[in-house]
Every structure is written in C-alpha cells, then in structure tokens.
Amino acid sequence: MFKKLTGIGTAALLTLGLAACSGDSTNANAEKEEESIGESVDYTITGIDPGSGHMQATERVLAEYELSDWELTSANGAAMTAALKRAYDKEEPIIVTGWNPHWKFITFDLKFLDDPELVYGDVEQIHTYARLGLKEDLPEAYTILERFQWTPEDMGEIMIEIEDGIAPEDASRNWIDKNDDKIAEWTEGVESVDGDEITLVYSPWDSEIASHNMMKLVLEDMGHKVTLSSVEPGPLFSSLASGGADVSLAAWLPYTHKDYVEKYEGKFDDLGANMEGVRQGLVVPTYMEDVNSIEDLKN
Ligand code: PBE
C-alpha cells in the first residue's frame, strides 16, 4: 500500500513538473494527440512465456478483435514487468498481458482493458490439481491440499515482499506466521508424517512462485519432504497427467488453462478452487486515459 501511494505521488509530481515546463512543447503534444494508440506503442503487446494459457488466450484476442497489425512479443513474466516498469517510470504508453493477483497491481496504477467479446473469459478460479492416486498414497498431504483456500490479498502479501527483494521462502514464512488460523483450518486433525516425499510442480509466474513456496513450507511443517519443480506450462500439465509430479496449485480455470485441461481430461484429480476471483487480460497504466477497451486498439 505504501508503495502504491508513493507511486501515485511520484506520478502526480511528474505531471505537475511537465505541466510547469511545457511552454514550448505544445506542438509536440498536438502531434502526440493525433497519434493512434497502435502507433504510440508500435503495435506491440508485451507478453510472457509462449506456452502460458495467457498467451494462447491473447492470440485468440488478436484474431477475434481483428488486430492483425499488432504483434504479441513473448519473453517471460520478469521481462514483461521490467518493460512495464521502464515505461511507467517515464509515463510512456505500454500494453502488457496481465493477470491478477499480481504485485504489479499493488506497485503501479493499472487497469484491465474491457473485453466485450469475453475472449479472455470472465473472472475465474485457481484450482489445485493432483495426479491420480495421490489420495491413496499421501492421504495427509491430500487432505491439506483439498482444504487449501486463500484470497488474492493473501497471495499479494507474499508477492509484494518477494518483489521487494525478500526470498520467496522467507516471504512465505512471514505470511504463515501471520496466518496461523488459516494453516490450522487446513491442517486440523491431520497427522504429521515422517519424511513422505511430494513434488509440487509450477511455472515460475510471480503468483505461482508465491503459492508453491507457501505450500512447500506448510507441508514441510507437517513432516513432508517437498520438492518444488519449476517447468514450462506444457510439462506442468503433462507431468501431472503422467504421474511424474504429484500436485500443482496453478490451474487457472475455466478459461486460461482450458486447452491443457481438455487435453488431459480424466488424467488428473481436480481438488477444487484454492482461490476465487482471479482474472487475466490486456493491461495498461491508468495514465493511458484514452484506452479502456480492447476495441480501442482498432483505432
Ligand atoms: N498466468 C498466471 C498463467 C496462469 C497463472 C495467467 C500467467 C497462464 O497464463 O498460464
């Protein structure tokens, strides 16, 4: 919260500063106004890793809204947030692919563009998925994982500390220490185990780094030996389906990971939603006042 307020302050000061010394830049401003949104960002949307559900959905968005002049660049989450920060600091236009919960909504003032065709889908949930047979093999862990549920705010607390430079494990421990009531609900009546091994698989998006590090500690505190395995989204779902990994807390449904979930239907166990009210879409800084809908990108 503190960070966000500082951000607003800086932006406001910047605007004032610019207004104060904009005497002879009227022509430049007029030219700017004529520039289309596409031109202002070089018809580029800054994306993340190619196999993510997010990028698959964004490709569908470009097709459905007939944005054939536009290019979706791919890299990864860290490169996307670095590009966003560079533009934001200079108040330059930028369009990124985005999802919430994400610390960038805490650090920067951002908005989702409306998606009237609902190509990204609507609000969705994050589900916990396990390989078939986990319930019989590791019933204690299974019970905890089945009960596990938290909020975007909970996840945000861990994410923002990690973004501030705290190690994921330490940020997770801080959250656990403050939320022992939640941990107690998930673990109530569950017996500790003696080193049972379990592998949690995830793709290294900031949201999933937070959830998997947190759950690693919860399971370790209950006596499990936990391996965290970070992979691309494709292998994430195939490893659960083949039984090579035990659990993932990272299935965004019903839209983001639709293709993967349909591909392996019946090959994993859906333990239900661990978070409600998440969403993905195209995201811009709020200072881009003229852009509010994906439709606006056509102009
Ligand atoms: N995400 C975050 C993922 C799921 C979690 C939206 C980047 C994806 O697009 O696959």
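Reader: Which helix gives the most to the negative patch?

Author: In this predicted model, a patch of negative charge on the surface gathers Asp177, Asp180, Asp181, Glu185 and Glu188. One of these residues, Asp181, has its place in helix H11, and its relative accessible area of 48% makes it partly exposed. With three residues, the element that gives the most to the patch is helix H11, residues 180-187.

Reader: Lys182 forms a salt bridge with Asp154, but how many residues apart in sequence are the parts that the pair ties together?

Author: The closest N and O atoms of Lys182 and Asp154 are 3.0 Å apart, and the rule for a salt bridge asks for a side-chain nitrogen within 4 Å of a carboxyl oxygen. Lys182 lies in helix H11 and Asp154 in helix H9 (residues 152-163), so the pair ties together parts whose separation in sequence is 28 residues.

Reader: Which residue takes a positive phi just after H13?

Author: Helix H13 spans residues 233-242, and its buried residues include Pro233, Leu236 and Phe237. Among the elements that cover the buried residues of H13 are strand E5 (124-131) and helix H14 (258-263). Just after H13, a positive phi of about 90° is taken by Gly243.

Conventions:
Residues are numbered from 1 along each chain as its sequence is written. This is a predicted model: local features need pLDDT of at least 70, side-chain atom pairs count only at pLDDT 80 or more; totals for chains, interfaces and linings use all residues. Side-chain values use heavy atoms; hydrogens and water are left out. Patches are made of residues with over 30% relative accessible area and no salt bridge: like charges are joined within 9 Å, nonpolar side chains (Val, Leu, Ile, Met, Phe, Trp, Tyr) within 5 Å. Accessible areas come from the Shrake-Rupley method with a 1.4 Å probe; for residues, only the protein chains shown count as cover. Lys and Arg count as positive and Asp and Glu as negative; His and the chain ends are not counted. The place of a charge is taken as NZ of Lys, CZ of Arg, CG of Asp or CD of Glu. Helices (H or I, at least four residues) and strands (E, at least two) are DSSP runs, numbered from the N terminus. Buried means under 20% relative accessible area, exposed over 50%, partly exposed in between (1.4 Å probe, protein chains only). Contact means heavy atoms within 4.5 Å.
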